[in-house]
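Visitor: I would like a close look at a single part of this protein. Please take me through it step by step.

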Amino acid sequence: TAASSSLGRSLFKLCKKIKIPVINVVRREEHVKKYAEMGAEYTLNQSDPNFDSKLAAALEKIKPSVCFDAVVGELGGKIFKALPHRAHYYIYGGLSGKPLPEVTVADTLFAKKQVRGFWLSEELPRIPRSAILKDLDYICEDIKREDSCFKQKIVGEYKLEDYQKVVNECAAVAAEGKLIFKPNP
């Protein structure tokens with residue numbers, strides 16, 4: 001979920017590069033079109049009246065073992081319920097402001113589905129430093145390439161005293177790129 005976010009786009013690009021199929025879930029049709037232009041096979045608009053059937057078809061085709069969800073709420077419940085046996089469902093945000101509904105004993109006990117939270121600052125201490133440095137080297141090299149998975153578009157630069165303007169604009173440009181603060185000269 002939240003595939004139109006910077007993290008969602010980066011995850012899609014990385015998975016495409018290493019040939020892992022992805023089901024992207026977005027909120028608007030314009031994002032479905034953007035993903036199609038990037039070569040995505042499965043991008044679902046959660047507002048589409050046929051979302052449930054399209055989700056079921058995509059899940060049946062690729063049988064994913066992992067789901068990353070930044071939204072949760074009713075949408076997350078639908079997705080969790082539809083996931084195949086033994087799937088791992090990672091929550092890394094709560095944009096809906098609602099809990100994950102409909103997790104049943106049958107889902108966890110018999111279908112062996114797992115729900116876990118993922119918060120990077122909690123996970124980093126468990127990862128060997130050498131692995132973190134290797135990943136950071138990979139990301140730094142990737143950002144230099146034209147077909148980067150991780151490079152983010154900067155859509156605005158602001159002075160610190162203009163923070164209120166940034167707060168007001170942030171939601172409007174979130175799917176386009178990043179707003180950054182530049183230190184005052």
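Visitor: Why does glutamate 123 count as buried?

Guide: Keep in mind that this is a predicted model. Glutamate 123 has a relative accessibility of 15%. Buried means under 20%, so glutamate 123 counts as buried. Now place the residue. Glutamate 123 is found in helix H6. Next, look at its contacts. Leaving out residues up to four places away in sequence, glutamate 123 touches Arg116, Gly117 and Phe118.

Phe118 takes us to the largest pocket. Phe118 is one of the residues that lie nearest the centre of that pocket, along with Leu7, Leu120, Ile139 and Phe150. In total, 19 residues line the largest pocket. Helix H6 (120-123) gives two or more residues to this lining, and so do helix H1 (6-17) and helix H7 (129-144). H7 gives the most, with 5 residues. Sort the lining by class, and you find 15 nonpolar, 2 polar and 2 charged residues. The volume of the largest pocket is about 830 Å³.

Now follow H1 to another pocket. H1 also supplies at least two residues to the lining of the second largest pocket. H8 provides the largest share, 4 residues. This second largest pocket holds about 600 Å³ of space. It is lined by 25 residues, and Ser4, Ser5, Arg27, Leu95 and Ala174 are the closest to its centre. By class, the lining has 15 nonpolar, 7 polar and 3 charged residues.

Strand S1 deserves a stop of its own. Ile23 and Val25 point one way from S1. Asn24 and Val26 point the other way. All four residues are buried. S1 also has a partner. It runs parallel to strand S2 (residues 42-45), and 4 bridges join the two strands. Find valine 26 again: asparagine 45 in S2 stands opposite this valine. S1, H2 and S2 make a right-handed β-α-β unit.

Back to where we began.

Notes
Residues numbered from 1 in each chain as written. Predicted model: local features only at pLDDT ≥ 70, side-chain atom pairs only at ≥ 80, totals over all residues. Heavy atoms only, no water. 1 Å grid on protein atoms, 1.4 Å probe; cavity = no way out; pocket = protein on both sides within 12 Å on 5 of 7 lines; lining within 4 Å. Points joined across faces, edges and corners; volume = space filled by probe spheres on them. Nonpolar A, V, L, I, M, F, W, Y, C, P; charged D, E, K, R; others polar. Buried < 20%, exposed > 50% of the residue type's maximum accessible area, 1.4 Å probe, protein only. Pairing = 2+ DSSP bridges. Right-handed = clockwise from strand over helix to strand, strands pointing away. Contact = heavy atoms within 4.5 Å.
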